[in-house]
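Student: Can we go through this model together? I'd like to begin with how it is divided up.

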Amino acid sequence: MIQLDKNHDPSRNKQLIDELLENPLSMDETMKETEAYFDEIKIEPIANPVLERPRSVAERALSIYRQPYAIPDQHGYKWTSDGTEIYPEWKITLDQEYENLEKTITRYVNVTDFGAVGDGKTDCTTAFQKAIGKGRVHVYVPPGVYIVKFIELPSWTRLIGAGKSETTLKLHPDTPKRRRLITNSNYLKGNRNIAVEDLSMDWNVHRLESLEKTGFGGNFSSCLVFAQVTYGWVRNVEGINPGLHCFDITSPLYNYSGDGFRARGGSRYIWLDHVTGYGFGDDGVTTHHSDYIFVSNSFFWDPSGAAHDKGVANSNGLEIDDGSRHIWLVNNVTARCFGGIEIKAHGSSSAASGVHISGHLSLNDNRAYNFRHIGHHKMTDPESVSAYNITAERIIAIAPVFSDLYWVSTPRALVVSGYRNVVINRFLFAGDPEYDYKGNPAVTIQFRANHVSMNNGIFKGFKTAKSDILVSGGDNGANHVRVRNIESIDSSPEALSVGDECIDVIVEGVTQKEEQT
């Protein structure tokens, strides 16, 4: 069994995934294969009936902050490859805008020239404010621990340290629970072209009187928040013990005025690369109401879950949440979280859609991959108008387990609930053969999930599970499911179980065998 801790180098993520998966296809071949499976099953979104139904008082009050939610991607989900790495097609826009940032910078400064002292004691807030000024600046932060009450970055700013653990920005002990450590300066009008690179961010959770319910709520209490930022880069940055999130890519205000709508002012075109974090009260990375977000080569582990009540901490390594669209997650790793990757929405918001996963390793997460639109699962619930379009290839779940983060949640390698147009391709789900899964399935496709395709996968070691794959039946079951080329090796008694009344479940090449020694 592999072990992953804070010494893991996320630049090795792709190599580790490739070694474990042993995928015979090239990156390009795998992507094209996944696209073909997606084209085979996809359906068009249903008409949005939200405008026709009665609205609650709360929904009407929130409507000023919302806009209609649309699923299509202006880039058409296109991608590009250099032969070894996969990128969304729109990354070229980010590259061009980074060059524009470099061209626009007119000042190169060292924060110590403005009075900052990296001694872990001196309040350096004013020094950072003076160094940053009104932007168009490259601010270098030398090795050391710099105490600040906040850092606000205007447009056209690059803040760069000497490396993770070398340069640490740490919240002042007198700052309130709601404080964000780093954020952009103008939530009302938005900002553009901001980069944060090569440093650690310590939210200093132990400054609080109590380590229970460490999050203030909303997009507060986090290490880094980009709210209404267009073109942003966060590279080689670490988040330590935030009350809420390590990294939150979001709109200034969340919006819960109903499925089919989203908040105004979301962020767009943001790249998080080689970012890491631990001890987070809620999520490592979260996105809300934002478009074209790229997260690559990153690692999140061991959340505290302290933003939640004990035993009900929905603390995910990567959470793609309400109203997010066109998100790419490439070669990331999570360990010992509630969810490795959770793609979801609350019932009164639009679901994340257009999410593409290419390479992920989940180790000992309770629910390695969890896709759901809360409040839209049962026949008595309104059907989601937004929960569409997830593709995932080259994904691995190793030994999902019960967790003290969320006491009643049973371990799963994958759960799909309420989503349509979901493709899982080229995967390895390996349980611990000595672990007691208490008769629960390793994978569940359930709660009105439709047009789901699982292909070219291997199950191992779920010996105490009831089945490797359960397609739930009944009124709240799943329909239009494809299961193709699945090997169950020394795993659960049933490779596949299909519930009563499921419609259009096609099974091809599902086999069970013992592992050769």
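Tutor: A definition to begin with: domain bounds come from an automatic or database domain assignment. For this protein the assignment gives domain 1 (10-43 + 64-426) and domain 2 (431-439 + 455-516). The C-alpha centres of domain 1 and domain 2 lie 31 Å apart.

Student: What kind of model is it, and how are residues numbered?

Tutor: The model is predicted: local features need pLDDT of at least 70, side-chain atom pairs count only at pLDDT 80 or more, and totals for chains, interfaces and linings use all residues. Residues are numbered from 1 along each chain as its sequence is written, and side-chain values use heavy atoms, with hydrogens and water left out.

Student: How many residues of each domain are in contact with the other?

Tutor: 17 residues of domain 1 are in contact with 13 residues of domain 2. Contact means heavy atoms within 4.5 Å.

Student: Overall fold next. How many helices and strands?

Tutor: The protein has 5 helices and 35 strands. These are DSSP runs, numbered from the N terminus: helices are H or I with at least four residues, strands are E with at least two.

Student: And how compact is the protein?

Tutor: Its radius of gyration is 22 Å, close to the 24 Å from the globule rule for 517 residues, so the protein is as compact as a globular protein of that length. The radius is taken over C-alpha atoms, and the rule is 2.2 Å times the number of residues to the power 0.38. Along the principal axes, the C-alpha atoms fill a box of roughly 70 × 60 × 45 Å.

Student: What share of the residues is buried?

Tutor: Buried residues make up 62% of the 517. Buried means under 20% relative accessible area, exposed over 50%, partly exposed in between (1.4 Å probe, protein chains only).

Student: Now the inside. How many residues are in the largest nonpolar core?

Tutor: That core has 90 residues. Phe128, Phe247, Phe371 and Phe429 have the most contacts inside it. The core draws at least three residues from each of domain 1 and domain 2. By nonpolar core I mean a set of buried Ala, Val, Leu, Ile, Met, Phe, Trp, Tyr and Cys residues joined through side-chain atoms within 4.5 Å.

Student: Which residues does Phe429 contact?

Tutor: Beyond its neighbours within four places in sequence, the contacts of Phe429 include Tyr369, Ile395, Val443, Met454, Phe459 and Phe462. A second, separate core has 20 residues, among them Met31, Ala195, Trp233 and Tyr269.

Student: Tyr269, then. What is its phi?

Tutor: Phi of Tyr269 is near 60 degrees, a positive value in a residue other than glycine. Tyr269 lies in strand E17 (residues 268-273). It is buried, at 5% relative accessible area.

Student: Where does Asn297 sit?

Tutor: Asn297 is in the loop between strand E20 (291-296) and strand E21 (299-301). Its phi is near 50 degrees, also positive in a residue other than glycine. Asn297 counts as buried, at 15% relative accessibility.

Student: Is Asp202 buried or exposed?

Tutor: Asp202 is buried, with a relative accessible area of 14%. It belongs to strand E12 (residues 191-202). Asp202 and Leu171 are 31 residues apart in sequence, yet 6.5 Å apart in space, C-alpha to C-alpha. Leu171 is one of its contacts, and so are Thr168 and Ile240.
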